[in-house]
Amino acid sequence: METLERIIAEHEFFAGLESYYTGLLVGCGANVRFHPGTYIFKEGEEASEFYLIRSGKVALELFAPQRKPIVVETLGDGDILGWSWLLPPYLWKFHAHAVQDTRAIALDGKCLRNKCEQNHDLGYELLKRFAQIMERRLEATRLQLLDVYAVR
Amino acid sequence: MVAESVLATRETSWSEAVSQEVDAILAASELGNLISALVSKGYAVIGPTVRDGAIVYDQMESVQDLPAGWTDEQAPGQYRLKRREDGALFGYVVGPQSWKKYLHPAEVRLWSAERQGGTFRILNNEVKPKAPPAFLGVRACELAAIAVQDTVLLEDKYHDPIYGARRSSAFLIAVECTQSAPTCFCRSMGTGPAVAAGAKTPVDLVLTELLGPKGHRFLVRARSERGAEILDEVKTTPVTDADLHEAESGVEKAASQQVRSIDNAGIKELLYQNFDHPRWDNVAARCLTCANCTMVCPTCFCTTVEDTSDVTGDHAERWRKWDSCFTQAYSYIHGGSVRTSGKARYRQWMTHKLAAWIDQFGSSGCVGCGRCITWCPVGIDITEEVRALREGASHGNP
Amino acid sequence: MATAVTTDPMLPQPYLVQAVSKETPDTFTLKLTSEDEPNGRSFRPGQFSMLWVFGVGELPISISGNPAEHKQLVYTVRSVGQATNALVTQRVGAGVGVRGPYGTGWPMDAARGRDVIVVAGGIGLAPLRPVIYEVLHHREDFGRLVVLYGARSPRDLLYRQELAAWARQRETQVLVTVDYGGMSWRGHVGVVTTLFKYARLKPAQSVAMVCGPEIMMRFVARELMTFGLSRNDIYLSMERNMKCAVGFCGHCQYGPHFICKDGPVFPYEKLRSLMEKYEL
């Protein structure tokens with residue numbers, strides 16, 4: 001049974017983080033599990049946690065009138081789920097739907113937010129890492145938008 | 001300044017070179033007999049003639065068809081014929097056409113097929129022209145252009161049988177230039193105006209027209225066995241030093257008259273590294289993408305294929321036709337063209353002609369004939385474009 | 001300078017359609033044989049043929065069959081226009097003209113003894129399928145096989161049964177994604193670059209072969225380099241307008257390269273400076 005500490009310390013997302021900060025994260029973290037079909041969070045809800053997916057699959061969905069939920073992306077093993085907790089208005093922008101049995105580490109975003117306000121170095125380290133995720137997601141989303149396989 | 005020749009060395013394969021060059025003097029009045037000798041050997045003689053206000057290449061009936069006493073005045077976007085004061089038979093420079101009209105025809109049927117049950121059968125595959133052609137009046141730049149097209153169509157990975165059949169049977173009679181047009185720059189390209197000696201240039205006879213005090217005559221040099229054979233059929237007189245001197249002076253005069261040039265030093269890097277040079281916008285504002293330059297250029301070889309079938313749908317033909325990188329459709333792949341702007345197309349043509357060609361075939365694609373300058377309706381001058389690119393050129397990797 | 005091929009390169013050989021099967025709503029696989037050529041034509045993975053439809057036109061189509069079984073020529077064709085539509089609607093027994101095979105193939109020799117990463121987008125899996133066949137056929141000659149495949153939507157996925165079968169082979173990982181999941185898709189959603197992080201890669205000993213829309217290949221190549229592959233170990237299959245496939249018509253030029261004879265497969269090192277040039 002792996003400890004929270006080891007998982008967080010060894011995850012590439014937190015690579016390079018001083019052990020003091022890793023310790024803080026561990027303090028804010030807990031193991032969670034989502035059965036298939038569960039909604040981890042819904043669009044519009046307060047964003048107070050983020051997740052480090054250990055195993056499983058989570059679909060990011062948008063609901064539109066007269067349409068079934070649209071999956072815009074799926075995340076899996078090792079992915080970070082959620083950054084809306086870090087930036088105002090701290091609300092989720094879409095649904096996170098566990099489509100497989102998903103185990104994750106939930107990190108208390110509200111608590112971390114306060115710590116970041118007090119310790120700007122921690123804030124900078126986290127924002128740096130999340131910015132990179134956002135950038136890669138943006139690039140992938142733009143490529144998705146291009147609809148490259150369509151016949152012109 | 002004469003830049004080093006960018007022509008790669010080549011091997012002659014068509015006409016066996018003579019071990020020793022045969023020189024002779026041919027009176028202008030004997031030229032008709034030379035033509036007859038070729039005809040009697042089965043050649044269709046093709047030479048220059050005046051038609052539609054230009055000097056074009058066409059099948060010759062007799063020496064009367066030659067543009068005696070005519071010359072051409074060329075400038076960017078300008079071409080007109082003018083009467084000479086003498087009766088020179090080859091007193092012009094180059095017309096709009098080149099010999100690619102015959103060697104690499106504008107339209108040729110590749111093959112035809114007919115339905116046979118659910119499948120089909122290829123019917124015929126005729127590649128030989130009816131009579132082997134004899135080209136009379138090939139300029140040095142045109143010889144160089146033929147050598148360039150030989151490399152593209154015969155000496156690379158595949159062999160074009162249509163070009164090959166016409167090329168192997170063609171008898172080449174070069175006529176050196178004794179004057180240049182303002183649009184000529186063969187000297188800077190290392191392709192003329194003299195027809196280079198030695199086995200490198202594939203030619204059967206080389207003529208230089210002399211109009212000096214000794215009378216209207218030609219210095220003739222046979223550079224192949226069959227060239228020497230034809231020369232045996234006509235009356236010639238021995239060559240004197242004075243004849244040689246007159247011929248050399250004439251060609252020298254042509255060389256010294258050239259006012260345009262391309263500096264080929266580092267030209268590949270110049271074009272490859274200046275893809276975003278502002279000059280391309282400048283030329284794009286002028287270029288009509290009319291494709292004239294590619295049609296008159298003696299080395300442009302691009303073609304397209306066209307499939308046709310008759311009304312019954314049982315008989316199909318595949319035709320090959322000249323194409324130009326200046327058209328929108330040229331770079332079309334499902335959904336759209338890659339080079340939609342005129343700027344991209346002009347840049348493609350010039351970069352290919354002067355730079356990429358070197359990587360592809362070992363020499364420049366340009367022979368300095370100047371036709372693209374003359375026949376561009378807006379007078380775009382490729383030599384000027386090179387000069388403009390050098391100014392403000394980037395030298396590093398982009 | 002290689003010795004020139006002297007037979008007429010523009011003459012097609014009539015082949016007969018043995019079978020046409022539907023892969024997706026707009027993509028079909030044709031199998032051709034010829035009595036005149038009972039052994040078919042041998043080819044290297046990544047090569048293509050020029051296929052001629054009577055009176056309609058000719059198209060460059062990648063060979064997507066098994067190189068070890070070349071008696072039958074196999075092509076997967078997507079119907080995108082008049083000529084491709086004519087090709088995919090040929091009935092069994094119809095004649096199709098074949099020229100080729102042409103082009104450089106995928107670097108199977110360079111991949112020997114190393115891990116092979118196949119990254120395909122859409123119809124791009126068709127020219128890569130021969131690579132997968134060859135690796136699985138000569139399993140001991142290669143390291144791990146990783147197949148990353150993305151398509152527009154689930155119904156656009158090619159060779160679904162084979163993908164599942166390949167996934168069951170030893171030392172083989174197959175990951176599939178779609179841009180748009182639709183209602184019943186339970187698999188991965190996202191562009192093919194999002195699959196990389198799930199792939200078990202050993203960059204220093206891998207050779208990557210990529211085929212798909214040009215933008216996709218550009219993104220994939222960059223992503224592969226982020227994961228540590230060298231640009232000499234990443235190969236792309238390029239496409240341009242082709243009329244002759246033998247270097248005479250000039251249409252397929254890409255920079256100084258003729259895609260028909262210098263390609264269509266190129267190491268990314270050769271393409272890097274070209275791919276960034278708009279309207280090259």
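How many helices and strands does chain A have? In this predicted model, chain A has four helices and eight strands. Read from the N terminus, the elements of chain A follow the order α-α-β-β-β-β-β-β-β-β-α-α. The radius of gyration of chain A is 16 Å, close to the 15 Å that the globule rule gives for 152 residues, so chain A is as compact as a globular protein of that length. The C-alpha trace of chain A spans about 55 × 30 × 25 Å along its principal axes. Of the 152 residues in chain A, 28% are buried. Among the contacts in chain A with a separation of 6 or more, 74% come from residues 24 or more positions apart.

A closer look at the strands of chain A brings a sheet into view. Four strands of chain A form an open sheet in the order 2-7-4-5, with antiparallel pairing. Strand 2 (39-41) and strand 5 (70-75) of chain A stand at the edges, and each has a single partner strand, so one side of each is left without a neighbour in the sheet. From one strand to the next, the twist averages 35°. Within this order, strand 4 (residues 58-62) and strand 7 (residues 95-98) of chain A pair in the antiparallel sense over four bridges. L60(A) stands opposite A96(A), which belongs to strand 7 of chain A. In general, strands of a sheet pair through backbone hydrogen bonds, either parallel or antiparallel.

Chain B is divided into domain 1 (17-256) and domain 2 (267-390). The centres of these two domains of chain B, taken over C-alpha atoms, are separated by 25 Å. Where they meet, 37 residues of domain 1 of chain B are in contact with 33 residues of domain 2 of chain B. On the domain 1 side, the elements that give two or more residues are strand 5 (78-83), strand 6 (107-116), helix 3 (140-153) and helix 5 (186-189) of chain B. The residues on that side of domain 1 of chain B comprise 20 nonpolar, 11 polar and six charged.

The contact between chain B and chain C takes 44 residues from chain B and 38 residues from chain C. On the chain B side, two or more residues come from each of strand 6, strand 7 (119-122), strand 12 (303-309), strand 14 (332-333) and helix 11 (342-361). By class, that side of chain B has 22 nonpolar, 14 polar and eight charged residues.

Chain C touches chain A too, with 22 residues of chain C in contact with 17 residues of chain A. Strand 10 (188-189) and helix 5 (214-226) of chain C are the elements that give two or more residues to the chain C side. Helix 5 of chain C supplies the largest share of that side, three residues. The side of chain C that touches chain A divides into 10 nonpolar, seven polar and five charged residues.

Key: Residues are numbered from 1 along each chain as its sequence is written. Chains are lettered from A and ligands numbered from 1 in the order in which they are written. This is a predicted model: local features need pLDDT of at least 70, side-chain atom pairs count only at pLDDT 80 or more; totals for chains, interfaces and linings use all residues. Domain bounds come from an automatic or database domain assignment. Two residues are in contact if their C-beta atoms, placed from the backbone, lie within 7 Å. Ala, Val, Leu, Ile, Met, Phe, Trp, Tyr, Cys and Pro count as nonpolar, Asp, Glu, Lys and Arg as charged, and the others, Gly among them, as polar. The radius of gyration is taken over C-alpha atoms; the globule rule is 2.2 Å times the number of residues to the power 0.38. A residue is buried if 20 or more other C-beta atoms lie within 10 Å of its own, exposed if 12 or fewer, and partly exposed in between; C-beta atoms are placed from the backbone. Two strands pair if DSSP finds at least two bridges between them. Axes are lines fitted to C-alpha atoms, for helices over the stretch in contact, and angles run from 0 to 180 degrees between N-to-C directions.
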